[in-house]
Structure formats: C-alpha cells, structure tokens
Amino acid sequence: MAQTDFQLPDMGDPSAAALSPEQDRKLGEAFMREIRRSMTLLEDPEAKDYLRSLGSRLSAYGDDSGQHYSFFIVDEDSINAFAGPGGNIGIHTGLFAATENESELAAVVAHEMAHVSQKHIARQIQRAENLSLPALAALLAAMVVAGKSGNADLGQAALATVTATSAQMQINFTRNNEQEADSVGMQTLSGAGYDPHGMATFFERLQFSSRYYGKPPEFLSTHPVTRDRIAEAQQRAQRYDYRQVPDSLTYALVKARLHVLSEPDPRASLRYYQRLIEGGQYRSEAALHYGLALAQGVLGDHAAARHELDALIAREGEHPMLLSARAHNELEAGNLADATRLYREALKVYPGNSALTLQYAEALIRAGDAEKARELLRSHSREHPEEPEVFRLLARAHAELGEQARAYQAQAEYYFLSGDVLGAVQQLKVARQKAGNDFYTASSVEARLAELEKIAKEEKEDRRDREP
C-alpha cells in the first residue's frame, strides 16, 4: 500500500488520542474530497452561513480548545448528521425538516461538535497508523455512506477490518462515544442559551416515529437511541433551569429555504405554502411568506415575489436573508441595475456577509463589472478558502476579463474542492500553458500543480491497492 508522510501518533493512551492540527487538517481535506465524490452536497451560502453562525455560538461554550469547525449540507431528505476529521460536520436537509424548534437542531449540532472536541474520530483510528492518508479518508467516508443504508454495522465492520478489532468492540466503543457526546453536547447547548431539553425531546420523537416505519431514521442507525439513553438525556436536562427559548427568524427562514431548494417541483412548494398560510397554522408566519416568495420567484412570477418580500421587509426589518431574496428576485427578473444596487446596500448593513458577497459577485459578473467581482472574490477567498463556490465565480470573473491562466487556476481550485483532483490537475496544466510570460502566475500554478499531482498519485495508488 502506498505510504505518505502522514503518520498517526501512538494513541494507546486515551489522553493522547489526538491528531496534530496539521494531520487533522490534511485528513479533513481528504475526507471532504471523498464525501463530495460520494454524496450530493447543497452549496447554498445562506444555509451554510446560518450553520456557521450556530456553530460559532455553540463553540464559544464548548470544550474544543480552539477547534476549527466547517459545516456542510447533504442534500438528502433522510434524518441524519455526522462528524468527520478536520472539524467537518455534515447535516442532512431532512434533519432540518425534522426538527420542531431551533434548540433541537442546536442539540444535534452540539452533539456532533462534541464528537470532534472529544477526539472520538482519532480514537477510532488509533490502530490504523499504517494506513495512508487517502485510505483513512476513504475509510471514514465509506462509514458515513454506509450509514445511508441504515446499517451502521457496515461502517463498523469496515473499520474492524482495518483495526484488527472485532465489530462488536467497535460498536460498544461507539456507544460510549455517544454517551460522552450527549453529556458534553448538553453542557454546550445550555451554555449557549438553548433549551437543554431539546436533545431528549428530539431523540424521543425520532424513536417514537420509528415505530411506524419499517426502516428507522438514519440518525437512529448511526446514533443508536435507547430508552436508557433518552432517560439519561432527560435527567441531565433537569439539572439546568427551564427556559423557553424562542426560535430565531434565521432558523425559520432557513428551514423554508431548504424546503423550496429540496423540492423538485416548485409548484408543489407554492401550493404547500399557500395552503399553510390559508390554514393559519404555522410557527413562523414570516417563514411561510418567505417560502412562498421563493417558490414564486423560481416559477418566474417575480412581481408576486417582489410584493411578498417588500411586505416581509416592512414587517420584519432588514434581515440579511430577506434583503438577499429581494435582490436575487431582481437579478432573476433581469433587472441588473436594481439587483446590484440592492446587494450593495445590503452589504453596507451586513459587511462581510458570505451569502450576500457571493450573490453580489454573481450580479456584478452578469452586469458586466467582472473587475469589481474579481477583487471582491479574491478578498473573500482568503476568508473562505474551503468554499468551492468562491472559486467557481472567481473563474468566471477572470474569464470575462480575458485572464485565461488565472481563470483555469481558479477553476482548478473549484474542481479540487469539489473532489475532482484529476480534473483540477488538468485545469492547472492548461493554466500553465496560458500563463506565458506571466512569471508570478506561472510560478504559483507550478507550485500548486506539484501539490495536486502528488495527491492524485497517492489517491490512485491507494485505489489500486484496495482493488480485489
């Protein structure tokens, strides 16, 4: 099997069961490439902004010692969430829909963050020190994908074949991890101001609902919930003062947004929100009108969407997601001058907002101001180097300006972050040809090409070694 300079430390002592920050980062990057190759991710900047904000609030009260977290959304209607190396945490769109309040969602996120902060992943791979980095990443991603089948034993059995440990020992160890993540997660949940009962109520509702389905929610397969575990969660919650925590408007808007984005038939979304509004049964009236406006916009009824959004902003104020939707509606209606003006004004209210920045860059490119978009995206890429969408738009801006070498270079980063290492290598080879006498660009392309060719070679050798 191909080896790399990625060597795990001796983790026989649980207190030392941790990867170095650099090892964790490299493994996390490789893990995300595998995830992007095997799962469909929803690259929605507004939903991801919300998860980042939620994660930051929880992290401020967590036991993470400065751990970096990165959140991504899996476009699956199944109810699941998982943590990976590098602080990468995935949330299924179905989990958003299944939560009844923000404290329940925060409870799941806090639970997954606890898996990271308590070094559970490092402990799981503590006997796999002879594996290459690509093999480790592929193994961890395979465990996640195996969970989609509803059979957690597939992932545990895969791990057992590597660690020379029985599957039952690994399953028991995972149950201990779950208990620890529940305890640490609840402390974090309460400290951040959410209802600590949210964890127990969510677990209990999932277990109750599973009685009526032949296949339980995936969350129950990958995070086994027993009556004892629910009782323990309830007992822990009772140690904290009861608090009634209102949902944030952002939580309600994101739920509605994901509902529309995940629904293949926008007419179904339109009818859904019309029915709920007419019935007068809702937790958030604003979220229903927001969802209705999004569905109207997708269907091309921009006048109706404009009316809904103007009324919402008048009632709710200048919330960034409402301002974004208003500007995007004008963009899709072809009113480029109005769209760029609205984005520019919104960014004055919310400077640095990731979703508004990316959408503003898109509007600038469409309006013919690629130079301004390029500078905006260059600055944003330094703050968010892990976001594929930043580099996709940056490639477009460079191409519009005739900067072919840099366009291919940015497109290579988009491919790489999307999991296509070979595609990224090919883009960089073209960038090298297009660079010509531009010494600075040629040098940066050559350096990056050497890095990615090494990664591509290691992954190719690892796949070959794992073939039967």
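## Glutamate 413 in its helix

A helix here is a DSSP run of H or I with at least four residues, and helices are numbered from the N terminus. Helix α21, residues 404–417, holds glutamate 413. The model is a predicted one.

Is glutamate 413 buried or exposed? Buried means under 20% relative accessible area. Glutamate 413 has 16%, so it counts as buried. Leaving out residues up to four places away in sequence, glutamate 413 touches Phe391 and Arg448.

Helix α17 runs through residues 336–349. At 1.5 Å a residue, its 14 residues should span 20 Å. The end C-alpha atoms of α17 are 20 Å apart, so the two values agree.

Which residues of α17 are buried? They are Ala339, Thr340, Leu342, Tyr343, Ala346 and Leu347. These residues cover an arc of only 160° around the axis, so they sit on the same side of α17. An α-helix has 3.6 residues a turn, so residues three or four places apart point the same way.

The face turned away from the buried side of α17 carries exposed Ala337 and Lys348. The cover over the buried residues of α17 includes α16 (320–332) and α18 (354–366).

## The second largest pocket

The second largest pocket holds about 920 Å³ of space. It is lined by 35 residues, and the closest to its centre are Phe96, Ala97, Thr99, Lys255 and Tyr272. Elements giving two or more residues to this lining include α3 (93–98), α9 (197–210) and α13 (266–279). Helix α12 gives the most, with eight residues.

What classes make up the lining of this pocket? There are 17 nonpolar, nine polar and nine charged residues.

Technical notes:
Residues numbered from 1 in each chain as written. Predicted model: local features only at pLDDT ≥ 70, side-chain atom pairs only at ≥ 80, totals over all residues. Heavy atoms only, no water. 1 Å grid on protein atoms, 1.4 Å probe; cavity = no way out; pocket = protein on both sides within 12 Å on 5 of 7 lines; lining within 4 Å. Points joined across faces, edges and corners; volume = space filled by probe spheres on them. Nonpolar A, V, L, I, M, F, W, Y, C, P; charged D, E, K, R; others polar. Buried < 20%, exposed > 50% of the residue type's maximum accessible area, 1.4 Å probe, protein only. Contact = heavy atoms within 4.5 Å. Expected span 1.5 Å × (residues − 1). Arc of directions from axis to C-beta.
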